[in-house]
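Subject: Structure handover

Hello,

Here is the structure I promised you. Please open it next to this email and follow along.

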Amino acid sequence: MAHSETSPAVHGLLAEFATPGGLVHATEKARLEGYRHMDAYSPFPIEHLHEALGLRRSKVPLITLVGGILGGIGGYALEYWSQAIAYPLNIGGRPYHSWPHFIPVTFETTVLGAALSCFVGMWALNRLPQPYHPVFGAPVFDRASRDRFFLCIEATDPKFERYATARFLEGLHPVGVTEVAP
Amino acid sequence: MADMPTPYAPPAEIEGPRSRALLVGLVGLAACVAGFIVDRDHFFRSWLVAYLLFLGIALGSMGLLMIQHLSGGAWGVFRRVFEASSRTLPLMALLFLPVVLGMGTLYPWTHPDQVAQDEVLRHRAIYLNTGFFLARAFVYFAGWILIAWTLTRWSRRQDAGDMRVNLPIQYLAGGGLVFYTFAATFAAVDWIMSINPHWYSTLFGFIFVGGHGISALSFTIVVSTLLARWAPMDTVLKPSHFHDLGKLSLAFVMLWAYFNFSQYMLVYAANLVEEIPYFIARTSGGWQYLALFLVVFQFAVPFLLLLSRDLKRMPLRLVWVSAALLLVRDIDLFMLVAPEFDAASGANLHVLTGEHASHVFVHWLDLAAPLAIGGLWVWMFFTQLAQRPLLAFADPYLRNALESPGGH
């Protein structure tokens, strides 16, 4: 980060593309060039962008699985405790531990545990809610939720060099390249 | 067009499995004829179980074909496999004849003396009588064959460039799904539930149709893994397509378990004399181990395996889950039918006089009948598959889905 002492600090460089294909292509090129600290912005999900960015497998499925298992165990334990230990009732001569009746509640709490942990896990991993991000300061960025596709190479990248990176991005045929203030 | 090679023509290699299937079918058929002569009652029961398995693949494929016409998406690459499966239905109508011949063995309500002394059967005779049974079967098959035939014919016109069928094919798929589900529900009542003529369950038709989904998807995965080895499908079928079928398999495995458990829990909770014998028969006399086997291998194990994204995207691993599921489907249908029959004589327990408990058994015809029907069915499937291009290349929706990178 030696360059940041000699020039005004930037968050990164934002390249604007007109098509999803252009964004995916540029992202692949940037990754081949050795850039790692970058992010892409698009109005809708683009399937191959995930691989182009080299993102690791999301941890959300694992968190969801654990939440679901805990929810299921909790639901069954609640049923068992209330029906067989705390308040045993003789219903039509059935055993207190009448497991088929416990399954619907176990199923529901499994879904609840999985859904809640999925939601909370996704927010936590994305550090949401995040009311402000430096890219919002770029005047062109409002079109990221409409009809433009952006690639931002961030200044924290070891290979980031303000002028060389800007030249590199210009070579990818973007609509334009903008500096993003921190 | 006449001089140009047909695009996506089926590979010559499918002649191999086609002729081998015919051989297996004929050997199985010879065994079944021997069984028919020496052990007639067991033959009819075994035939019914095997028949229901392959009918389920054909009908389930027709159902998935119609869902695909309605939903669109890249999993339309499997359309020609679904179409070929559903065009085996005329053969299945023919193979239904042994069931008709075996009605006296299979269905107690066909015996007038039984009906006369049983008040419940007297009341049900207005529905459960031979004439109406055959008339209903005729309507099911006529409807199913007409739907399958029309869907294929319109799809062929699409191949020839006629785009006027694009919308009618979707209307037919919508109406056809309604007919298929209703007819299959009635068929489940007629052909399986009425084996025990006192028992009834309103969820039974859903369990039957849900099972068709598992069977049809498993068969499609197995065949498509085979087709992916050869041109032209080796460049068309991608991991994402198998991923789609794997996800649908997971959904149908869960649906099957959900319907079955719902039926079990409702009967268990109500504990009524007219419903509970069905489950007592299947949780005693050794059948309980088979019941546990089905819970583990038609739900728990495939459910956990199919959760894995990697497995669903690797056809060579997914195909083993699917092949195992087809085997388990046969055991599931065996479990629906066999516990109502006597192990030694093969007679329906509800026809025999006196007290009879059901004991677990398996008969050699339970192996021969699936080989006979399965061999003939697979032969007919490949015969049908060989007649059409392997991709519905002219369908504008499918082309669109294949060209856009994010489409499913």
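The lining of the largest cavity has seven nonpolar, one polar and two charged residues. Here Ala, Val, Leu, Ile, Met, Phe, Trp, Tyr, Cys and Pro count as nonpolar, Asp, Glu, Lys and Arg as charged, and the others, Gly among them, as polar. Among the lining residues are B:Trp199, B:Phe204, B:Arg282 and B:Glu340. This cavity has a volume of about 50 Å³.

This is a predicted model: local features need pLDDT of at least 70, side-chain atom pairs count only at pLDDT 80 or more, and totals for chains, interfaces and linings use all residues. Residues are numbered from 1 along each chain as written, chains are lettered from A and ligands numbered from 1 in written order, and side-chain values use heavy atoms, without hydrogens and water.

The structure holds two cavities of 30 Å³ or more. A cavity is a set of points on a 1 Å grid over the protein atoms alone, where a 1.4 Å probe fits but cannot get out; lining residues have an atom within 4 Å of a point. Points are joined across faces, edges and corners, and the volume is the space filled by probe spheres set on them. The second largest cavity holds about 40 Å³. Its lining includes B:Val77, B:Arg80 and B:Ser224.

Now the interface. Chain A brings 11 residues to the contact and chain B brings 12 residues (heavy atoms within 4.5 Å). Together they bury about 980 Å², 59% of it on carbon and sulfur atoms. Buried area is the accessible area (1.4 Å probe) that two parts lose on being put together, summed over both. A:Glu47, A:Arg94 and A:Pro100 lose the most area on the chain A side, together 45% of what that side buries.

How many salt bridges are counted between chain A and chain B? The count is one. A:Arg57 pairs with B:Asp310, with the closest N and O atoms 3.4 Å apart (the rule: a side-chain nitrogen of Lys or Arg within 4 Å of a carboxyl oxygen of Asp or Glu).

Best wishes

Key. On a 1 Å grid over the protein atoms alone, a cavity is a set of points where a 1.4 Å probe fits but cannot get out, and a pocket is an open set with protein on both sides within 12 Å along at least five of seven lines; lining residues have an atom within 4 Å of a point.
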